[in-house]
Amino acid sequence: MAYTVLARKYRSRNFDEVVGQDPIATTLKNAIAAGRIHHGYLFTGTRGVGKTSLARILAKALNCLASDGPTGSPCLKCDSCNAIAEGQDLDVIEIDAASNTGVDNIRELRGNAAYRPARARFKIYIIDEVHMLSTGAFNALLKTLEEPPAHVKFILATTEIQKVPATIQSRCQRFTFRNIDAPAIAGALQRVCASEGIPAEEPALARIARLANGSMRDALSILDQVLSISPKKLSLAVLEQMLPPARHDQLLHLLNSAAAADAGATLAATDAILNGGQSLEVFCSELVEVLRNLLLLRAGVAADQIELPSDARAEFEALAAKFELSHYVQMIAVVEELRRNVRFSGSGRALIDAAMVRFAKLREWSSIEQIIAGLGGGGSAAGGSLEKKKSAEISGVAATTPAAKLPAAPRPTGAAPAHSEQAPRSSSRRESAAPAAPAQGEAATASAARRPVGDSAPRRATTERPPEPQPALKRGLRTDERAALEGDPLVNKLMREFDAVYVRLETTAPDHRSPARAAAADEPFESVPRETYIPPDHEDSIDAEAGSSDPE
């Protein structure tokens, strides 16, 4: 007699034997008892969580010949129940959508759906991996799925619900199958071993349950493999010889090593995972999922609201507190970019090792917030507040003392303004000089303009033009000014960070207000100095203009 694998031999036969999907089983039983049987069901979830098994159980419940009608407790002994369990019933048609993707296959289904079942109450179509149907096939199925004949029921199963069109989903009752908890899988494995007459250690069963990652079928397949090596007894020592640790255990060990800033241990943990047959891209995908769970825990999401292995929740919570929230955001971004790069890179392993070292050294790097806080906590130098210093340094004006004005030679009334002597131009920095002092005519005009509006004192008539703006001249910093700036640690740090230079730019701008407006504002009517900026491409023209008015 041919050997039947454990995954098929111990498939759930009724609603009570379903492992880890009690809410769905209870809902379907109650719907059958109340007579509220829908014409279409959509089962979605990861592999090995019971979608196809529950579809067959539902088919047995609807077509059990030992009952006068649909029942929540099929007999499991009649011809219909046995044929459905073996996948050979004429009235329960199981279709693999991966092999029947075309429109012609759905047209054939529609044509056969019009005929009544051979012996059962309902003709039931179980379409597995329904997301593999083509767009045309989905469109051909729409009308029949929405209004099928009274004797037809549809049960669709998929592992990728996002690929199923919304028009199909809206015509079905959707049931989402969750990953099965490790304790539930271990309990089911214990019952299987007892039925097979094989003694099993609880730590070994728990280890297999963790390796299954929520899939009952995977757990039974692993158990079948282990029993092939040790058919007399299932022990943890046998598992250590042939099976790697659970995936999340390995990833948690890797991240704990990174949290301890141990680059060597982090690389060793990475090597152990990849040498176990894990591909680079899958490694990145699983690492992102673990980092996401840690991010949610660090953000304050309750552990029972996250898909975590029940036996490792305490380990996840302990690790979540070892990194800051911004660290998890950065690590997820790094691993996601790494996942895309290793797919096409010939040095994928080197990229992964570099990323793991980066994780181990993550605490040595400062975030932008920490750098800003460090700059603000460095203390402000004497002579001004921190805000004023930052404003001056960012704009490139770092002088702390006003520039001394250079004297100007007297000039006759109406003559062009004389410029002061230009200092030699520095090749390493941009410099500027103070404006020239006003001439006698300008002083008289400014003095007359500063009189109140109602002043009856005689005014001397003048035909002098209003003062024109003086061009900006360049002059170097004094020794004491440069020493004051270079002695400030905050200024030195910013100079190094931004590769900055010391610049002081001054000019004289005329007051364009009328004397009446100046008197109303209670402000002197005079030319006021202001800071300005000389673009680099205007320096030569300014130098030429200043040199042309040189009295020498």
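**View 1. S80 sits in helix 4, which covers residues 79-86.** Helices here are DSSP runs of H or I with at least four residues, strands are E runs of at least two, and both are numbered from the N terminus. This is a predicted model, in which local features need pLDDT of at least 70, side-chain atom pairs count only at pLDDT 80 or more, and totals for chains, interfaces and linings use all residues. Residues are numbered from 1 along each chain as its sequence is written, and side-chain values use heavy atoms, leaving out hydrogens and water.

View 2. S80 counts as buried because its relative accessibility is 0%; buried means under 20% relative accessible area, with a 1.4 Å probe and protein chains only. Leaving aside neighbours within four places in sequence, S80 is in contact (heavy atoms within 4.5 Å) with N63, L65, D89 and R119. A polar atom of the S80 side chain lies 3.2 Å from the backbone oxygen of N63.

**View 3. Meet an open sheet of 5 strands, with parallel pairing and the order 2-3-4-1-5.** Its edge strands, strand 2 (92-96) and strand 5 (173-176), each pair on one side only; two strands pair if DSSP finds at least two bridges between them.

**View 4. Now look at strand 1 (residues 40-44) beside strand 4 (residues 152-158).** These two run parallel and are joined by 5 bridges. For F43, the bridge partner in strand 4 is A157.

**View 5. Finally, step back to the whole chain.** Its secondary structure comes to 24 helices and 9 strands, and 39% of its 552 residues count as buried.

Note on methods
Buried < 20%, exposed > 50% of the residue type's maximum accessible area, 1.4 Å probe, protein only. Polar contact = N/O pair within 3.5 Å; in protein donor to acceptor, adjacent residues only side chain to side chain.
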